[in-house]
Amino acid sequence: MNKIKLFMKKYGYYCMVGLLVVALGVTIGIVAGTEDNKLVSNSADNPVISVTNPEVLSFTLPMENPSVVKDYSGTELMWNSTLAWWEAHEGMDLTSDNNMVFAIADGEVLSITEDSLEGTKVVIKHSNGLESVYGSLNSDLKIKQGDKVKKGDQIGTASDTAGNEQKTGAHLHFELIEDGNKIDPNNYLELEPK
Ligand SMILES: [Zn+2]
């Protein structure tokens, strides 16, 4: 006991200072912690802060009230009656009463090509790595390369210009490309077979 008393007499002052420093540190820690919590709850209450991708595309269908005459097959083989062979159908064949074809979202006309297999084909580039492809169109188009288009703008009319799908008659061969890969258009659109 005497040793402790002697120790406290000698070093008691330092012990008190030490305790004060620890107490101060804890207090600062608590205050800082409280402020952190406040910041977190503030940002959660304000959704504007948490929006990291402001580029939100909205979509419309490429035809008015379309019927799906041939579905997207991915890598699965489907019978092509025109060419009389099995092949992957990486798009959707659509028909509608008025045959009018529309841009599915805002974008820019990337290319217009004409060949005997795919007919007149328009590619529109959108944001977020998306491109929409409109094949088997009548060559009389409503747009030209480089045009900026808005969702729902008419591109042209569906026709039977695609030689590889001629037996389908007038239709739109529609494809959706995401980051260079042809994807199921139903990932973004609601096209139900009728
Ligand atoms: Zn097709």
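I started with N128, which comes out partly exposed at 41% relative accessibility. My cut-offs: buried is under 20% relative accessible area, exposed is over 50%, and partly exposed is in between, with a 1.4 Å probe and protein chains only. N128 sits in the loop between β7 (119-125) and β8 (130-137). Strands here are DSSP runs of E with at least two residues, numbered from the N terminus. Most residues other than glycine have a negative phi.

A note on the source: this is a predicted model, where local features need pLDDT of at least 70, side-chain atom pairs count only at pLDDT 80 or more, and totals for chains, interfaces and linings use all residues. Residues are numbered from 1 along each chain as its sequence is written, and side-chain values use heavy atoms, with hydrogens and water left out.

Next I looked up D179, another non-glycine residue with a positive phi, near 50 degrees. D179 lies in the loop between β11 (172-178) and β12 (181-183), and at 61% relative accessibility it counts as exposed.

Which residues hold the zinc ion's protein donors? I found H89 (NE2), D93 (OD), E165 (OE), E165 (OE) and H173 (ND1), at 1.9 to 2.6 Å from the zinc ion. Donors are N, O and S atoms within 2.8 Å of the metal (3.2 Å for Na, K and Ca); water is not among the atoms, so sites may look incomplete. I wrote down the donor spacing in sequence as H-x3-D-x71-E-x7-H.

Key: Helices (H or I, at least four residues) and strands (E, at least two) are DSSP runs, numbered from the N terminus.
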